[in-house]
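Let us walk through a protein model together, one step at a time. Keep the picture in view as you read.

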Amino acid sequence: TLDKLRDLMREFLQNESPEGDDGYEEHKGTSKKKNGKKSLNGSRIDEIILESIGKTIHIAEGSTIPLIVKCFEHRDGKRIRIRNPPLVLFTDKEIIDWVGDSFVKGVKKGSANIYFETQNKKIKSNVVNVIVNEVNKVEIRDIDKILKQGETIELEVKAFDIENKEIENIVYEAHVDEIEMGKINRSCIFTAGGLEGTATIRIRY
């Protein structure tokens with residue numbers, strides 16, 4: 001039961017971490033609370049954006065990573081974000097498994113084109129290429145500084161294939177053992193938690 005609770009907390013923290021590569025600049029440094037008006041939530045899906053247009057995603061075989069999927073309602077000339085909409089994932093090759101929500105697992109080496117649709121098949125996202133890599137090793141450079149509570153840092157991580165060639169633009173399944181010590185996202189951007197101590201980071205490949 002404790003293991004299941006820890007896994008749920010890890011998933012929650014990973015979902016709450018900065019989204020993708022673009023989220024780092026917004027969240028870099030010590031986190032601060034933002035005051036302002038409550039954001040609007042949409043209900044009708046008019047647009048689905050999967051990752052970045054024209055982007056290719058590399059993941060390690062055996063790893064599970066979250067995709068960045070954003071849905072919007074067009075209202076009065078504005079785009080209103082829709083939270084957790086029901087979508088269906090499509091792929092042209094069976095090299096990934098859809099784990100649910102927006103998580104996918106790389107099950108076999110290869111390349112596939114994926115996209116999302118609404119359940120009524122009226123709205124379709126852009127197509128993104130996913131490449132599943134056979135990763136031989138992962139190297140993480142040690143952090144030579146002490147982080148403050150809420151401070152964010154991008155870890156230097158490199159992945160290599162079986163020919164010892166570095167794999168560029170890969171996203172990772174990363175976890176923090178001590179969930180109260182911090183959180184980490186798929187781009188290996190780590191945010192320090194509220195307790196003092198040493199955090200243990202693991203990357204699956």
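Which side chains meet in a salt bridge at 3.8 Å, N to O? They are those of K55 and E51. A salt bridge here is a side-chain nitrogen of Lys or Arg within 4 Å of a carboxyl oxygen of Asp or Glu. Side chains of opposite charge can pair when their charged atoms come close.

Before we go further, a word on what you are looking at. This is a predicted model, in which local features need pLDDT of at least 70 and side-chain atom pairs count only at pLDDT 80 or more, while totals for chains, interfaces and linings use all residues. Residues are numbered from 1 along each chain as its sequence is written, and side-chain values use heavy atoms, with hydrogens and water left out.

Back to our pair. E51 is buried, with a relative accessible area of 8%, whereas K55 is partly exposed at 22%.

The structure holds 12 salt bridges. One of them joins R79 to E47, with the closest N and O atoms 3.1 Å apart. This pair links distant parts of the chain: R79 lies in strand β6 (residues 78-82) and E47 in strand β2 (residues 47-50), 32 residues apart. Strands (E, at least two residues) are DSSP runs, numbered from the N terminus. R79 is partly exposed, with a relative accessible area of 47%, and E47 is partly exposed too, at 22%.

Now find R75, which forms a salt bridge with E73; the closest N and O atoms are 3.3 Å apart. Here R75 is partly exposed at 30%, while E73 is buried at 6%. This bridge belongs to a network: salt bridges that share partners join R44, D46, E73 and R75.

In what order do three strands form an open sheet? The order is β4-β9-β8, and the pairing is antiparallel. Two strands pair if DSSP finds at least two bridges between them. At the edges are β4 (64-66) and β8 (96-100), each pairing on one side only. From one strand to the next, the twist averages 30° (axes are lines fitted to C-alpha atoms, and angles run from 0 to 180 degrees between N-to-C directions).

To finish, follow β8 to strand β9 (residues 103-106): the two pair in the antiparallel sense over four bridges. I96 has G106, in β9, as its bridge partner.

Notes:
Buried < 20%, exposed > 50% of the residue type's maximum accessible area, 1.4 Å probe, protein only.
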